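I opened my notebook to look up a few things in this structure.

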Amino acid sequence: MEEGAPISPLDHIAYMRCALSIAGKSPPQPTNFRVGALLVDEGANQILSTGYTLELPGNTHAEQCAFTKYATLHAVSEGDIGPILPSKAVLYTTMEPCHKRSAGNIPCVERILNVQSGGAQAIKTVYIGVKEPTTFVAANAGQSKLEQAGPSDLGIENTNIKVAQGVSLDEQQKTLVGSVLDLFAGRPSLKKLSLWADDGVFEDPITKAEGRKQYEPQWVCFIKSS
């Protein structure tokens with residue numbers, strides 16, 4: 001799926017501008033903001049789905065519409081999109097996702113956190129344009145809830161990742177590298193292991209780690225719960 005002109009890899013400003021243009025399609029209403037959202041495969045630099053406020057029937061939010069459309073495209077329910085999302089799926093939204101909604105509606109923060117694959121969050125990075133103003137909600141805790149459910153909950157200890165000159169890592173890549181360094185330092189956990197692909201390889205001049213299957217048995221032995 002494409003929206004407008006091609007976007008360079010990791011050009012967050014361009015992706016957010018694209019989300020803003022999509023937000024402009026939302027019908028103006030006195031009771032809600034006009035928000036746009038993009039579900040993006042950051043690895044392939046591809047827009048997977050888009051959404052804007054009230055795009056679909058009902059009091060629908062932008063993130064909700066993007067997820068629902070992606071689910072429809074792949075003939076699954078919204079709750080089952082996690083396993084079919086690319087490993088580097090990220091979400092762009094022009095405004096902080098809501099953490100409270102009227103009765104019968106799932107808040108967007110919960111929708112994001114409920115997208116799971118293999119027991120781990122399938123969307124590990126959410127790019128937010130602005131915090132929600134206090135027009136309709138006194139204080140939206142959406143961003144803080146997402147941050148609380150982020151890498152810190154994984155217990156990653158190696159967070160100061162040094163890279164060679166000319167090399168750039170996004171936050172998701174830094175988290176993954178940190179989980180591997182924690183393993184080499186003798187501080188593994190099953191939550192960290194869940195970040196690895198079955199065939200993932202990490203190699204440096206000293207050590208090589210090949211995928212989660214090689215290490216999972218010993219991790220399970222040493223860590224009963226995590």
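Predicted model: local features only at pLDDT ≥ 70, side-chain atom pairs only at ≥ 80, totals over all residues.

**Cysteines.** I started with the sulfur of Cys98. Its closest cysteine sulfur is in Cys108, 3.7 Å away, which is too far for a bond. A disulfide needs the two sulfur atoms within 2.5 Å. Cys98 is buried, at 9% relative accessibility. Cys108 is buried too, at 1%.

**Salt bridges.** How many salt bridges are there? I counted three. I took them one by one.

I looked at Glu55 and Lys69 to begin with. Their closest N and O atoms are 2.8 Å apart, and the two form a salt bridge. Glu55 sits in the loop between β2 (46-52) and α2 (62-73), while Lys69 belongs to helix α2, so the bridge ties together parts 14 residues apart in sequence. Glu55 is partly exposed, with a relative accessible area of 23%. Lys69 is partly exposed as well, at 23%.

Next I turned to Glu78 and Arg111. Their side chains meet in a salt bridge, with 2.8 Å from N to O. Glu78 is in the loop between α2 and β3 (89-95), and Arg111 is in helix α3 (residues 108-114), so this pair ties together parts 33 residues apart in sequence. Is Arg111 buried or exposed? I found Arg111 buried, at 9% relative accessibility. Glu78 is partly exposed, with a relative accessible area of 22%.

Then I checked Glu96 and Lys131. This salt bridge spans 3.1 Å, N to O. Glu96 lies in the loop between β3 and α3, and Lys131 lies in the loop between β6 (125-130) and α4 (142-148), so parts 35 residues apart in sequence are tied together. I noted Glu96 as buried, at 3% relative accessibility. Lys131 is partly exposed, at 48%.

**A charge without a partner.** I then looked up Asp41, which is in strand β1 (residues 36-41). Asp41 is buried, yet it has no salt bridge. Which side chain of opposite charge is nearest to Asp41? I found Lys88, 7.7 Å away. A salt bridge requires a nitrogen and an oxygen within 4 Å. I also listed contacts of Asp41, leaving aside neighbours within four places in sequence. They are Gln46, Leu48, Pro86 and Lys88.

**The sheet.** My next entry is about the strands. Four of them form an open sheet in the order β2-β1-β3-β6, with mixed pairing. β2 and β6 stand at the edges with a single partner strand each, so one side of each has no neighbour in the sheet. From one strand to the next, the twist averages 15°. Tyr92 stands opposite Tyr127 in β6.

**Helices on the sheet.** Which strands does helix α1 touch? I noted β1, β2, β3 and β6. Helix α1 (residues 12-23) packs on the sheet, and its direction makes about 55° with that of β3.

Key. Residues numbered from 1 in each chain as written. Heavy atoms only, no water. Helix = DSSP H or I, 4+ residues; strand = E, 2+ residues; numbered from the N terminus. Buried < 20%, exposed > 50% of the residue type's maximum accessible area, 1.4 Å probe, protein only. Lys, Arg positive; Asp, Glu negative; His and termini not counted. Contact = heavy atoms within 4.5 Å. Pairing = 2+ DSSP bridges. Axes fitted to C-alpha atoms, helices over the stretch in contact; angles between N-to-C directions.
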